[in-house]
Amino acid sequence: MGFVSRPLVIGGGLLSSLTSAGWFSLFLPIRVEGQKMEIEALWEEVRELSLGNSGKVERLESPPSPLQFLRDFVSQNKPCIISNAIHHWPALSNWSCDSYLVQAMSSFSSDQLISVHLTPNGRADALVPLKENDKSKDASSSSTCSDSLCFASAHVQRMPIHEALSLISSGGNSKQIHSKVVAYAQQQNDCFRSEYSALAPDCDPHIHWATEALGCLPEAVNLWIGNHLSETSFHKDHYENLYAVVTGRKHFLLLPPTDVHRMYIREYPAAQYSYFQETEQFRLELEKPLRYVPWCSVDPYPSLETKDGQMSKFPLYFNGPKPFECTVYPGEILYLPSMWFHHVRQSPDCQGRTIALNYFYSSPIN
């Protein structure tokens, strides 16, 4: 937007000598408003290109052909949900039964342990307040430390599958661990093919139409077992993600990669939870040596106490277009393109759990 070059009349007199800085300050609000309108127009164009005029994540009633998947979704960087995608998996009926899971895992190895992530609130790999006594001198004095928050990783404890299932389903009410603990089996790092390989016959080793379309096998397959408190904060992945829900429901908020500026990605000091069964308490400590993690600052579901502060600190998110929302049901797969930001909550089944598998494929875009 160009500046208007004409004399400015003030108080009946002609002001003919304004510095360039003066002109800039006078017309800065006009320029900023114009830029804001351009950004908002860009948001709308990207959303229309991503998901069309409906603004909803498209649902396919059956798996696409490899060509359709590549042409209509991967090349368009466009998410979709595929219904009836895994109806042939025995997991859909078997994995709701504790006795089946325990027997299957035990038949592979009687002493097989799985990694369970423990937090006081169900939010691992997320931003949490850093208490004064947890701060190091370096972190508290660093200009990159934002608002005394840290990026907290869960305490990881290895346990038998029957203990893990009981702990997750009960929301933390266990003889071994205090009821304030929230457990989430979310080890990642290809955990399904390592820790849960005994369950491999119950599902496909890869998503066939996606494998053919992308020209490669998945680099990692991960199993997720959580409850109603398990939550994943806004983040993005550098992989094409095929996310299959087996039990319960997963609720996603999605934003395209072009909305990166609305995520307010900042550097936060990395910290680690430790859990002490003797005292039934968590301790959150900064990692040593100190390192920083770039992470999305926005909490899309702030509490009543923090909502006003969140909205004033992150106006581009709260005042901009709403994220795309979708729920993935048992038997469905969400295709989540590389670099899309996503936040995840879940609703458990009658056993108090949500179980899902995700397949990470190398992105052809990358």
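I looked up cavities in this predicted model and found two of 30 Å³ or more. A cavity here is a set of points on a 1 Å grid over the protein atoms alone where a 1.4 Å probe fits but cannot get out; points are joined across faces, edges and corners, and the volume is the space filled by probe spheres set on them.

The largest cavity holds about 50 Å³. I listed its lining, meaning residues with an atom within 4 Å of a point: W95, L101, M105, I161, Y196, L199, L223, I225 and I355. The elements giving two or more residues to this lining are α4 (98–108) and β10 (220–226). Helices (H or I, at least four residues) and strands (E, at least two) are DSSP runs, numbered from the N terminus. By class I get nine nonpolar, no polar and no charged residues. Nonpolar covers Ala, Val, Leu, Ile, Met, Phe, Trp, Tyr, Cys and Pro, charged covers Asp, Glu, Lys and Arg, and the others, Gly among them, are polar.

The second largest cavity comes to about 30 Å³, lined by H117, T119, G122, A124, V182, A183 and Y184. Two or more residues come from each of β5 (113–119) and β9 (182–184), and β9 gives the most, with three.

I then checked for disulfides (cysteine sulfur pairs within 2.5 Å) and got zero.

Notes on method: residues are numbered from 1 along each chain as its sequence is written. Local features need pLDDT of at least 70, side-chain atom pairs count only at pLDDT 80 or more, totals for chains, interfaces and linings use all residues, and side-chain values use heavy atoms, with hydrogens and water left out.

Notes
On a 1 Å grid over the protein atoms alone, a cavity is a set of points where a 1.4 Å probe fits but cannot get out, and a pocket is an open set with protein on both sides within 12 Å along at least five of seven lines; lining residues have an atom within 4 Å of a point.
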